[in-house]
Structure formats: C-alpha cells, structure tokens
Amino acid sequence: MPLSGFAIPSASHLIAGEWTSAASTLTLTNPSDGTDITSIARGTAADVDAAVTAAKTALTGPWGQMTATERGRILSRLGQLILTRTEDLAQLEARDVGKPITQARADAVALARYMEFYGGAADKIMGETIPYLQGYTVYTLREPHGVTGHIIPWNYPMQIIGRSVGAALAMGNACVLKPAEEACLTALAFAALAQEAGLPAGALNVVTGLGAEAGAALSAHPGVNHLSFTGSVGVGTLIQTAAAQNVVPVTLELGGKSPQIVFDDADLDRALPFLVNAGIQNAGQTCSASSRILVQRGVYAKVRDRMAAAYTALTVGPALTDPSVGPLISARQKQIVAGFLDQGRDLSIAAQGKIVENAPSAGHYIAPTLFDNVPPNHPLAQQEIFGPVQVLIPFDTEEDAVAIANGTEFGLVAAVWTRDGARQMRLSKALHAGQVFINNYGAGGGVELPFGGTGKSGHGREKGFEALYGFSTLKTVATWHG
Ligand code: ADP
C-alpha cells in the first residue's frame, strides 16, 4: 500500500478533521512505469462547499482563538514530524510525480524547513504605530484573510504546500487545499501529519479531484477570502477571473522562460553545473527552470561544448533508480514536449541525454535536448515548454543580453554570470524578474527568499516573510482620546 505508514484511508478528502470517502474516484498512476498507484477522491462542488464551511467554522473555534505563538509551535512540531518521515514522503513523491528519489528527498526536507521557518515567524509579524494628529493614537493590525484556497500543481507538491499553506496557517488563516489530480499523495500525507502535530480540525482541509470540477468550485466559492494558485497561465487566468467575481485577492505563480546570462569573463567551472541542472531538474517541469542560456560570443563555443558533454552523460529512467532525469508526469505532458521538439526541427541540436535501455515502455520518458544557436524570437526561445529542453542563444553586448533576456512575456527568475561587479549591479536592476541570481541559480531554493513573478509569470510573492504579508490583511485603528 503506497500510503501505508500514513493514516489515510484511500479515496478520501480531509474535511473538518475527518477523512470523508467520496462517491466517485480517480486513479493515480506512476509516471515511471504507467502502473496504477491508488484511487483518490473525485471532489465535487458539494465537497468543496463542506471544506469551506469547515474552514470558516475553524476560524470561530480554537484555531481562530489561538495565539500566534501557539500556531507557531504547531507548525514547528509539524516540521519536526516531517523530518522524521522524509524518506516515506520522498518514496510517495517519487512514485506519484516520477521525481528522481534524491530530488524527492530534498523536497521533503524543504517541506520541513518551511514549517520550521513559518513556525518561528508566526509571532514575529507586527503592526506599527503611526504618528498622527493631536489627540489620536493610530496603529495597524495584521489579520488573517479568513478562508484561503490553495490550488497547486503536480510538479513540486511538497514545496508548494510548504510555502503557501505554511505561510497561510502561520498567519491564522484556515485553508482549503486542492492538490493536482496527477499527484496528491504527499498533500494527503502532509494533512495527516498536521493532524498528528495538533492542528485543530478544519484549519487545513484537503479536497482532491479534477481542476475543472473541484478546482473551479474552490476558485468560485464566495466563502473563500484569498486564493493562491501555482500552475499554467491559462488556468491562472481562469482563477483570477473567478476571484474577480467575488472580489478576493489572488496570488498567482505561473510559468517562466528564465534566462541565465553568461558573459565572457564568467567562472565557467562554477557556472556549468548550474546551467545544466536548472534546465533538467525535475525533467524541466519547474516554473523557475532555466530554459534559455544566453552566452556571449567569446565563450559561446566553449559553453556549448561543455554543456553538450554534460547532456551526453545524463541518464533518463525510473524515479526510484535515481537517474539525472525522471519521466514526465503524463502521456499528455510528453506529447506537449514532443510537439515542441518537433517545432525545433529547423534548429540544430547540440546534444541529447539518453533514456536507459530498460526504461519501462509505459513510462513517459523523453530525451533531454539542448538546442544550438537559437534565434531569440523562435517559439522554443519564447514559449514555456515544461520539459527537459534548453536553448542556447549567442549575444554580443550587455545591451543585447538584457534585451533578449527581457524579450519574452514572462519574468520569473534570471541569473547573471560575470566577475564584473558594476555589470552585476546594472543587470540586477535591468532584468525583469522576481528573483535575480548573481553567479548562482536558485540559491539552493531558500525558503527565506521571496519568490514570484512579473508579467505572465504572475503576481504576489510567496516564501520568506513577504508571504506572511500576502496571507494577511492590514487594519488601521485610529483612536481619538483628546
Ligand atoms: P498543468 O498544466 O501543469 O497541469 P494546471 O494549471 O492545469 O497545470 O493545473 C494546476 C492546478 O490547477 C491543478 O491543481 C489543477 O487541478 C487545477 N486546475 C486546472 N484547471 C482548473 C480550473 N479550470 N479551475 C481551477 N483549477 C484548475
């Protein structure tokens, strides 16, 4: 039983602290070999309504009355509990998402880290006093939105639960979580662990099911006071439209086409692993994947050849064999990525990784591909692929690099590789992105670092203290005392 070790009955939602079984179910399959893993509940609008009601009720009970310090203690306890279960969580995630086991283990540790961070931060968010007219005292209060809806994707369930549900609970919201239909086991396991850590009933509810059913019902529910969504631009647009009908705030973390810019003076030995890993991690199914590598002409051939050598050494295979690259999440995703590779048939390929010979034929494997000398306006250099595909783009000057880097509709992450300090400062300001990395990419994922996009990459920030502001609302209190 894949869920053994976690107290989760199959095909159930968690609503008001109770596992409630569903009339209708969906099957989860293992992307590494196409086998069935288990059944999950196919949530309906009625299930979502029950979950929102449970969350609302929790806000009027012990959860709503709890001090910030006590909320923090529960989250910290949950972090400790997760640390004792990282291997079990990683095994679930590897089977459910097809994520190479080492990467799945890192995600489980990150989930614990989010709970530790937000556990510690819960009672450190303060208002301010504002000097005002004679006879007044004015101060601000940071208060929870109320019921927060969290619609998350399948690529990094644990990390995204950590950064959105963790921050929302720290601020005292009550959450309804709708994981992706392709991968929701760790969301259910997380909820079970949260109960074990002492989270009161209804503070976190999980409804599984299809996006167009449970997801749409949650985003349109008038009882939801804030929505956070991570996923595609298309669905993000639907969520924001639904939120507009109820006039509720939305945090959207959508796609990206994130560049790394390599100048002639870069430390190539340091850059090389980042250039490749940022494109192939989680088989490129990462919002902040670096799918564009911009290289100054003087080192272009050297960077291409070294990246090509790294690609040739990549292994692609089942998640539990811990390859460099696992399968894609689904047959549909494989078809989408294959379609992009087909659009690149007019381009030359610098190198491809190899699918291991004994890879199960029902797994969704695709060879990682590095394209050479790609025009910046080519579809492969403009559209998010969400697969292990990177394009190399040569450039001449700093101005060219900035124009190319900023020349897509996205703006999530960017990296600059140069030893020139003044150039580092100029580019950190010139690049359109929510995060800019100098001589690194991703900074190890830091839960402390605010994250989010500009343009079609979305708006709002998760992670760090910034998320706590997003998951709360500000009240100004003005007292006239004469
Ligand atoms: P992807 O294209 O990577 O599968 P999606 O953006 O389609 O990502 O899905 C991300 C999340 O959004 C999932 O939990 C999915 O169920 C949900 N979702 C999909 N369609 C809708 C919709 N119409 N309304 C609300 N949620 C949706």
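The sulfur of Cys184 lies 17 Å from the closest cysteine sulfur, in Cys175, which is too far for a bond. A disulfide here is a pair of cysteine sulfur atoms within 2.5 Å. Cys184 is buried, at 1% relative accessibility. Buried means under 20% relative accessible area, exposed over 50%, and partly exposed in between, for a 1.4 Å probe and protein chains only. Cys287 is in no disulfide either; its nearest cysteine sulfur, that of Cys184, is 18 Å away. Cys287 is also buried, at 8%. The whole structure holds 0 disulfides.

The model is predicted: local features need pLDDT of at least 70, side-chain atom pairs count only at pLDDT 80 or more, and totals for chains, interfaces and linings use all residues. Residues are numbered from 1 along each chain as its sequence is written, and side-chain values use heavy atoms, without hydrogens and water.

An open sheet of 7 strands runs in the order β15-β17-β18-β13-β12-β19-β20, with mixed pairing. β15 (348–352) and β20 (435–438) are the edge strands, each with a single partner, so one side of each has no neighbour in the sheet. The twist averages 20 degrees from one strand to the next. Strands (E, at least two residues) and helices (H or I, at least four) are DSSP runs, numbered from the N terminus. Two strands pair if DSSP finds at least two bridges between them.

β12 (258–262) and β19 (413–417) pair in the parallel sense over 3 bridges. Val262 has Trp417 of β19 as its bridge partner. Helix α11 (297–312) packs on the sheet and touches β12, β13, β15, β17 and β18. Contact means heavy atoms within 4.5 Å.

Note on methods:
Axes fitted to C-alpha atoms, helices over the stretch in contact; angles between N-to-C directions.
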